[in-house]
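Here's a quick briefing to read alongside the coordinates.

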Amino acid sequence: MSGSILFLNRWPRPDDERRWENRLAAPEGLFRPETDRVTYVCDAGGRSGVPADAERVHVVPDFDDLDGVLRILDEVVRDEGPFEHVIGFSELLLDLAATLRERYGIPGAGPEETARFRDKTVMKETLARAGVRVPRWASCVSPDQVRTAAAEFGYPVIVKPVRGASSQGVREIASEGELAALCEEHDLRGHEIEEFVRGEILHVDGVVDASGKPLFLCTSRYVSTCLDFELLGEPLGSVLQTDPSVRARCEDFALRCLDALGLRSSAFHLELFDTGAELVFLEVGARVPGADVPYVIHDVHGVNLFRLWVDVLLGRPVDPPVADPALSGGWLTVPGPRPLPQRVLSATPLLGEVPFLYRELVPEPGELLVSRPGSYAILQAGRFLFRGGTQAEIEEAVRQVRARYRLTAEPAS
C-alpha cells in the first residue's frame, strides 16, 4: 500500500503528437489507482500534465510565491492529508518539496539534505571534505572579494547562480575588465565564482535505492556543452558510452560523490570533467536528467527513470533493470536562430536519411520558435534521437546531422 501522495507538477503535456517531452513522466504510467491516493498541485502550465479524470487537483498561481503556495497547501493538508509522500520531478520544485516535508512532517529529503543537491556551494563543500576533486570556488560576497578570487583562480572564470538550473545565468568571464563590468552591472549575491576546468564533460545518470545502492547507471559524453548551447547557440547532445573502462571510471567517481552527499531513494544526474589526467566534479541534481536523455535511456535500455524513481520512493519491490552495456544511443538538439522569436520558413527532415536516427522533431514552415530559457525539451530548431549502432556509429550519425541539417527562418513581428 503506497498511501497518500502529494504530487507537484509544473510540466505541461504537449498536445502535438509529434512531441514526446514529459510523456515518460505522465502520472497515469507511474501511479496505481488501487494503491495510490494522489493529490495534484500544479500551476496553470502544469495542469495539462495532470490526468483529466483526477479527483483532487489544486492549481497555484505561481510556484515561486512560496507564501501563496503554503496558504493553499495548508488547506489541502488540512482537508485531504496527512500525506506520506511528496513527489516533484522538476529541479525547480525540489526545494518546495523539501519545505513541505519539513512543514507537514512527511518522510523524505528535507531542506538540509536537499541543499546538498541544489546549492552548488554546499555540494562542493561536502565533496571537498570527502576528498573529491572539485573546482576551486568562492561564494560571491562583494566586488573586491570576487576580483580577489578570480585573480587566485586565473582567467577565464565561471560565475553562476548558486541554485540555478540548465546553465541559466552562467557566465564565462575572460578578463579582469569583463569581471569588473559584471560586478558593476549586477548584484552577484546568490552567485558563486569558480575556476574554469578544461576537459571533456560527461554525465552519469541513474537511480539509487534507500541504502544508496545503484539500481541503474549509465554514462554519456556531451556533444558541445550546456553553456555553449545557451551562450553561443551551439547544438547540444550526448552519446551513451560503451567503453567498459570509461564507464567504470566515471560511474565509480559518481558513486563516490553520491555516497559523500548521502543520496538515498532518488534519481540523479551528475556531471563531471575528464581532463585526461583526472576526473573533476561539476555538479549534481537529485532528479531525472533533462533534455532528451531519459528518452534515449528508455528507448535504448528499456528503463523509465521516472517510474524507477517513483517505485523506490513509494517502497515498491524493485528488480534492478539489466541493461546491455554494449548498446549505445544519443540525442542532439539544435537551438533556434537568434534572436527569437523566429518564424520557420523551411527545414530539412533527416529521418530515413541518416543511419541510426530513429526519431526527430523538425518544425514545419510557419511554426514559431520562441525563447524558453532552460527548456531543452521543447520545439527547438531541431531535436534528433539515435539508437541501434555502436558508440562510434552513433557519434558519426550525430556529426552527420550537425553537418546536414538546415533551417531557415525570419524574425517574427
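This is a predicted model: local features need pLDDT of at least 70, side-chain atom pairs count only at pLDDT 80 or more; totals for chains, interfaces and linings use all residues.

**Around Lys120 and helix α4**
- Lys120 sits in helix α4.
- Leaving out neighbours within four places in sequence, Lys120 is in contact with Lys160, Pro161, Val162, Arg163, Gly164, Glu192 and Glu283.
- Lys124 does get a partner: it forms a salt bridge with Glu192, with the closest N and O atoms 2.8 Å apart.
- That pair links distant parts of the chain, as Lys124 is in helix α4 and Glu192 in strand β8, 68 residues apart.
- Lys124 counts as buried because its relative accessible area is 1%, and Glu192 is buried too, at 0%.

**Other salt bridges**
- Across the whole structure, a search turns up 31 salt bridges.
- Arg133 and Glu278 pair up through their side chains at 3.2 Å, N to O.
- Arg133 is in the loop between α4 and β5, and Glu278 in the loop between β12 and β13, so this pair ties together parts 145 residues apart in sequence.
- Arg133 is partly exposed at 29% relative accessibility, and Glu278 is partly exposed at 31%.
- Asp144 and Arg147 form a salt bridge with their closest N and O atoms 2.5 Å apart.
- Those two are three residues apart in helix α5, so about one helical turn separates them.
- Arg147 is partly exposed, with a relative accessible area of 28%.

**Buried spots**
- Helix α3 (residues 111–118) has Thr114, Ala115, Arg116, Phe117 and Arg118 buried.
- The cover over those buried α3 residues includes α2, α4, α8 and β13.
- Leu188, in the loop between α6 and β8, is buried because its relative accessibility is 7%.
- Not counting residues up to four places away in sequence, Leu188 touches Cys140, Val159, Leu182 and Cys183.
- The C-alpha atoms of Leu188 and Cys140 are separated by 6.0 Å, although the two are 48 residues apart along the chain.

**Surface charge**
- Asp62, Asp64, Asp65 and Asp67 gather in a negatively charged patch on the surface.
- Asp64, in the loop between β3 and α1, is exposed because its relative accessible area is 71%.

Notes
Residues are numbered from 1 along each chain as its sequence is written. Side-chain values use heavy atoms; hydrogens and water are left out. Buried means under 20% relative accessible area, exposed over 50%, partly exposed in between (1.4 Å probe, protein chains only). Helices (H or I, at least four residues) and strands (E, at least two) are DSSP runs, numbered from the N terminus. Contact means heavy atoms within 4.5 Å. Patches are made of residues with over 30% relative accessible area and no salt bridge: like charges are joined within 9 Å, nonpolar side chains (Val, Leu, Ile, Met, Phe, Trp, Tyr) within 5 Å. Accessible areas come from the Shrake-Rupley method with a 1.4 Å probe; for residues, only the protein chains shown count as cover. A salt bridge is a side-chain nitrogen of Lys or Arg within 4 Å of a carboxyl oxygen of Asp or Glu. Lys and Arg count as positive and Asp and Glu as negative; His and the chain ends are not counted. The place of a charge is taken as NZ of Lys, CZ of Arg, CG of Asp or CD of Glu.
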